[in-house]
Structure formats: C-alpha cells, structure tokens
Amino acid sequence: MQANQNRAWLGVLPVVLIVAFSGVIPLMTVVNFSVQDVLDVNTRFFVGFDWYREILRDQRLLDALGRQLLFSATVLAIEIPLGIAVARAMPREPKGRGWGAAALLVLLALPLLVPWNVVGTIWQVYARPDIGLLGHGINALGIHYNFSQVSSHAWITLILMDVWHWPSLIALLAFSGLTSIPNQHYQAAELDGASRWQVFRFVEMPRLRSVLIIGVLLRLMDSLMIYTEPFVLTGGGPGTSTTLLSQYLATMAVGQFDVGPAAAFSVLYFLLILLLCWLFYTAVVKRDLEQDFARQGERAAHE
Amino acid sequence: MAKVALENLGFRYPGASSDTLVDLSLSITDGAAHALLGGSGTGKTTLLNLFSGLLTPTSGAVLFDGVDVSRVRGRERQVAQVFQFPVLYEGLSVLENLAFPLRTRGWKPDAARQRARQVAKRLDIEALASSQASSLSLFEKQLLAIGKALVRPDLALVLLDEPLTAVEPRVKWQLRTLLREVQKEEGTTMLYVTHDQTEALTFADQVSLMQNGRLIQTGTPAELHDLPDHEYVGHFIGSPGMNLVPVEVRDNRLICAGVDVGDCEQANGTNYRIGFRDSWATLSVQEDPTGLPASVQSVRLLGTQLGEPQGHCRLRLGSTEIHLLTTTQVEPGQAVQVAIPRYLLFQDGKRVATYAG
C-alpha cells in the first residue's frame with residue numbers, strides 16, 4: 001500500500017522535468033552568471049553580489065527604469081479606459097448582433113494578430129516625416145514633427161503605437177464580460193431610474209471586475225517587458241530617450257557582452273515584474289478576500 | 001398606488017409575422033393583487049414589459065389612473081419589477097440597494113436611508129443592512145430584490161415576474177405569505193406573473209388566464225375554478241383539471257354515453273361537452289339506470305374524509321378518462337355508475353350553461 005502510493009510520485013516527474021528545463025534551469029544559469037565575473041570561456045571569478053550593487057548604481061539603468069515605469073503607467077492609463085469604452089460602444093443586443101458585431105470583433109482583433117516587429121515597422125514607416133502618411137501629414141499641416149530627432153515626438157509615437165496595438169485586448173475581454181450581463185439588470189436599472197453613469201458604475205463594472213483584473217495584469221506584464229516594437233520604431237532613441245528596460249538589457253548583454261551585469265540585471269528585472277504584478281494582484285484580490293471575511297464575521301455575529 | 005388598466009392592447013414584435021398580444025382589456029383595482037397565469041410562450045413577459053414601459057404597444061393603451069402612459073418611458077412610469085432571478089446591485093450593501101431607486105429620484109441621503117431601513121425592517125433583513133448584496137443567500141437576495149421594488153412609496157404598480165422560481169420550495173411559501181402581507185399593508189397594486197396555478201390562486205384577489213396572447217378569463221380564484229368560461233380554463237385550473245365528457249343534445253335532452261342526463265335548452269348537436277370537477281360527481285356500485293356506466297382504472301388513497309377513507313379514482317367513461325373523489329370502496333376493473341348532479345355545458349369550447357343539482 002505504502003509502496004504504491006510512493007510510486008505515484010513518478011507520475012509528477014514529466015511535469016517536473018518540463019518545468020525544470022523550460023523555467024528553473026535557464027533561470028538558474030542566469031542567477032549563476034549574475035554572481036560571477038566571466039572573463040573568457042575558461043576564466044571566471046565568484047564575485048558575490050558585486051554586479052547587483054553595480055547595477056543598482058548604474059544611472060543609465062535607473063533612467064531606463066524611470067522611463068519604463070512612465071511608459072507602462074501611461075499606456076495602461078490610456079488603454080484600459082479606452083478598451084472599456086470601445087467594448088461599451090459595441091452592439092450587444094441579439095438583434096443588433098448580425099454580421100456588424102462579428103465584423104467589428106474581427107477588426108478589433110486584427111492589431112493583436114500582427115507580429116510585433118511588423119507593428120514596429122508599420123509605425124516606423126507610417127510616422128516617417130518624409131514618406132509616412134502620418135508624419136508627412138502632420139508636417140503638411142504646418143506642425144513640426146520628427147520622431148527620430150525629437151524625444152517628445154518619439155515618446156508620443158511610441159505611446160500611439162502601443163495604444164494602436166493593445167486596447168483591442170481589453171475591449172475583447174470587456175466585451176465578453178458585458179455580454180454575460182443578463183438583460184434584466186439593464187431593465188431593472190432603467191426602472192430604478194439609474195443614469196448611464198450609474199448603470200456603468202453599479203451594473204457593468206462589478207461584472208467586468210474579474211476580466212479587467214486579468215486584462216490589467218496582462219497589459220502590465222507585457223508593457224513592462226516591451227522590446228520589439230520600440231526597438232524597430234526608435235531603436236531607443238533619439239539618444240536614450242526611449243530606451244526602456246529590456247532594450248537597455250539587450251544592449252548590455254548582446255551588444256557589450258557584459259554577461260555578469262546583464263545577468264544580475266535580468267534577475268532584478270524579473271523580480272521587478274513579479275513584484276509589480278504581485279502588488280497589483282494582492283491589492284485587488286486581498287481586498288476582496290478581506291471583505292469576504294468581514295462579511296462572514298458580520299453574518300456570524302448576527303446569527 | 002393606482003388603478004391600472006389595459007384598453008384593447010395589441011402588440012407585435014418588429015418583423016414578426018403575427019401579433020404576440022391580441023386585443024387585451026383588463027382592469028386592476030387600486031391596491032389589488034392580480035395574478036397573470038398562463039403557460040410559457042403565451043405572452044406574459046411581453047405583457048409585463050408593456051406595463052413597465054420597456055415595450056410600447058402596437059395598438060391600444062396602458063392606463064394608470066385613467067392616464068395613458070403607453071408612450072411614457074419606464075423610468076418615468078412609477079413602476080418597479082421583481083425578476084425571476086434576483087437582480088441587485090451586487091457591489092452595494094443591502095441598505096444602499098434599497099435606497100438606490102430613491103437616490104436616483106433625488107431623495108436626500110438621510111430620508112432615503114430612513115425609508116430603506118423601514119423596508120429592511122419589514123422584510124426582516126435589517127440585520128443584514130450593511131452586508132454586501134453579493135454575500136447574501138439566494139433567498140435573502142430575492143427578498144432584497146422585493147424590498148427594492150417596494151421601497152418607493154409613490155409607485156403605481158409593482159410587477160412580479162415569477163419571483164419565486166429561483167427560491168427553494170421550503171421557503172417559497174414563506175416568501176409568498178410575506179409578499180402578500182406587505183401587499184395588503186401598503187395597499188400596493190401588484191401584478192404577479194406565473195405559470196404556477198397554485199401560486200396564482202393563493203396569492204391573488206383576481207386571476208387572469210392567458211392563452212396564445214389573449215386574456216381568456218379574469219375572475220376570483222373561485223370563479224376560475226368553479227365557473228370557467230372556456231374548457232381550457234377548466235382544464236388548466238385545478239389539479240387534476242376539470243373532467244370534460246362529450247355529450248349530445250337531442251330534442252332538449254342531454255345524452256351522455258347513451259344515457260339521458262337531463263334537460264337542455266341548447267340547439268341539437270354533437271359539438272357539446274360537459275365539464276365537472278372531481279368532487280362534483282358521485283360514484284355508486286349499485287345498478288342505477290340514471291347513472292353513467294364507467295369502469296375503474298386505478299384508485300389512489302388520499303386520506304380519510306369524516307372517518308371514511310377517501311380515494312382519488314381514475315375512470316373510463318365511454319371513450320374519455322375522468323377523475324373522481326369518492327369514499328366508496330372500489331377496485332380497478334370494477335364496473336360502476338357515475339352520477340353527475342352538477343356540471344357545466346360547453347359548446348365548441350365555450351361555456352353555454354350551468355347546471356347545479
């Protein structure tokens with residue numbers, strides 16, 4: 001009996017192996033590099049946390065971190081409300097559904113299907129002041145615009161590109177949330193005399209909450225990791241004005257082959273994303289749990 | 001509260017090929033509990049939506065206290081509705097839910113809260129006042145939904161769309177009784193829609209029966225039970241439904257299964273049926289030339305009536321099956337005589353005469 005039970009653990013082995021090779025071992029090599037100074041293939045020294053200390057004093061990295069946080073905060077602040085607004089504007093009534101809504105859904109999903117480097121290329125061309133429709137158009141209106149020379153223009157273009165790319169995700173998630181709301185809830189709100197804002201606030205938002213948590217988490221992680229599109233669009237420039245974390249990391253690891261600092265950076269980068277997502281998740285979910293407990297306590301007190 | 005009426009109301013959904021509701025006229029007295037009974041697909045919910053203003057009639061009018069409100073939007077109509085499943089603002093507390101319809105109509109927070117507390121107290125959910133609506137049990141949620149519908153003192157009409165469907169049977173009765181008590185106290189005009197005749201007959205002062213988008217009879221529960229205008233009503237109301245047996249009128253005599261049952265003033269014909277409740281007819285095992293010959297199919301003992309065991313009997317009479325309540329001991333397969341001293345006469349499905357004793 002006992003032996004049988006122990007043998008069952010072998011069933012877990014494939015999963016352990018897959019996780020080990022896909023996640024744990026690569027991560028550990030990075031950790032391994034981060035505590036060594038590799039001079040060449042045969043020469044290496046153990047340096048402890050030296051790289052971490054150096055990295056944290058690296059002004060360029062701190063600047064990139066600042067830009068990264070600004071970028072993520074900005075695109076989230078635009079994309080989440082925009083996605084919800086788009087989802088709300090879509091026809092939901094079964095009668096209005098027809099091919100109109102289906103076509104809309106496909107159109108909405110389109111940006112999500114474009115490969116990321118193509119997104120960068122599209123915008124790179126689109127925003128060029130000499131031949132790009134957008135860039136040339138803006139200049140033709142008499143407004144000076146050149147994203148490869150002016151930092152603020154590069155930033156605006158970067159954010160525009162992300163806002164072109166991602167609100168669809170939020171919109172699709174929110175739309176699926178909205179369609180799950182039974183019509184009676186709207187009817188009841190109508191008879192209660194609720195305003196449009198109140199319908200949104202008290203009928204729709206509570207139902208959108210769980211899909212939006214997922215949506216915000218996905219967008220938060222993705223925006224923190226963004227690499228391809230800005231790399232293609234601006235290459236981090238002009239100067240380093242649009243160099244975000246991942247790009248700085250790539251420069252360090254691939255461009256300069258500083259394996260040790262790059263590995264230390266990677267570990268910190270990973271922990272940062274983990275930390276931010278964890279903070280967001282606990283802030284949201286823990287509050288719900290606490291409310292649940294409070295309610296249960298209240299009920300127990302009444303009974 | 002208000003007197004509510006329908007005047008030749010008709011409704012057809014846009015693009016539909018036939019009318020969903022046909023020429024409905026109805027009058028509900030101020031402060032009455034009225035039930036709308038009918039099978040599924042008879043247009044009950046459509047009618048509710050016309051009352052609440054979510055739909056606009058194609059013809060005819062909806063009147064509140066004599067005023068045509070057919071074109072008035074739902075939010076301006078002084079109507080509240082309770083749905084099959086509890087529809088609440090899940091993110092708000094019980095008290096906030098109750099106060100919501102008042103706050104949207106410009107009540108001051110204090111006044112709204114006071115009224116909300118009053119309603120919560122009446123429905124005995126005061127202890128839950130500060131709990132989140134989403135944390136309530138299904139029963140409490142539906143109770144809260146009812147409270148939310150009753151909270152506005154200026155309402156003309158409260159609509160209930162099968163409000164007990166979601167509630168477990170154990171507390172259905174409790175909720176219905178509470179609803180009825182509050183309805184009486186507050187003098188609320190209520191329209192209760194259901195497909196469950198027990199609910200309708202025990203809840204309402206007046207019941208309207210719907211079939212295929214038409215109102216076929218409105219009356220007190222007793223009228224609907226004992227004096228159905230149509231065979232359908234007799235068949236639908238009561239458990240089991242009214243017995244219906246084909247008869248023939250021949251020279252002012254009513255002939256049933258070859259036996260002369262009595263006088264009849266109707267014109268000759270075979271398109272007649274007599275209807276009687278299972279308690280109106282009697283059964284005897286002796287030879288009786290005036291009785292109708294029938295054979296016992298099955299007997300189910302119900303209990304005792306005045307010390308005698310009472311059974312529910314399924315009989316075959318001619319080509320039809322009938323149900324009887326009897327204290328006579330019979331067995332399946334036995335030949336018996338049935339006497340029907342009280343019955344209704346239907347011609348082509350419509351009641352044309354009533355015979356009692």
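Chain A has a radius of gyration of 25 Å, whereas a compact globule of 303 residues would have one near 19 Å. The model is predicted. Chain A holds 14 helices and two strands. Chain B contributes an open sheet of six strands. The two chains touch, with 17 residues from chain A and 21 residues from chain B in the contact.

**Chain A as a whole**

- Along the principal axes, the C-alpha atoms of chain A fill a box of roughly 80 × 75 × 35 Å.
- Of the 303 residues in chain A, 26% are buried.
- Take the contacts in chain A with a separation of 6 or more: 69% of them come from residues 24 or more positions apart.

**Helix H13 of chain A**

- Helix H13 of chain A spans residues 245-255.
- Which residues of this helix are buried? They are Leu245(A), Gln247(A), Tyr248(A), Leu249(A) and Met252(A).
- In an α-helix, residues three or four places apart point the same way, because there are 3.6 residues a turn.
- Phe257(A) follows H13(A). The phi of Phe257(A) is positive, near 55 degrees.

**Where chain A meets chain B**

- The contact takes 17 residues from chain A and 21 residues from chain B.
- Three helices of chain A each supply at least two residues of the side that touches chain B: H10 (183-191), H11 (196-225) and H14 (259-302).
- Which helix gives the most to this side of chain A? H10(A) does, with six residues.
- By type, the residues on the side of chain A that touches chain B are five nonpolar, seven polar and five charged.

**The sheet in chain B**

- The six strands of the open sheet run in the order E13-E12-E11-E14-E20-E21 (chain B). The pairing is antiparallel.
- Strands of a sheet pair through backbone hydrogen bonds, either parallel or antiparallel.
- Which strands form the edges? They are E13 (259-263) and E21 (350-356) of chain B, and each pairs on one side only.
- On average, neighbouring strands of this sheet are turned by 35 degrees against each other, direction ignored.

- Strand E11 (residues 243-250) and strand E12 (residues 253-256), both of chain B, pair over three bridges. Their sense is antiparallel.
- Val249(B) stands opposite Leu254(B), a residue in E12(B).

Notes. Residues numbered from 1 in each chain as written. Chains lettered and ligands numbered in written order. Predicted model: local features only at pLDDT ≥ 70, side-chain atom pairs only at ≥ 80, totals over all residues. Contact = placed C-beta atoms within 7 Å. Helix = DSSP H or I, 4+ residues; strand = E, 2+ residues; numbered from the N terminus. Nonpolar A, V, L, I, M, F, W, Y, C, P; charged D, E, K, R; others polar. Pairing = 2+ DSSP bridges. Axes fitted to C-alpha atoms, helices over the stretch in contact; angles between N-to-C directions. Buried ≥ 20, exposed ≤ 12 C-beta atoms within 10 Å, placed from the backbone. Rg over C-alpha atoms; globule rule 2.2 N^0.38 Å.
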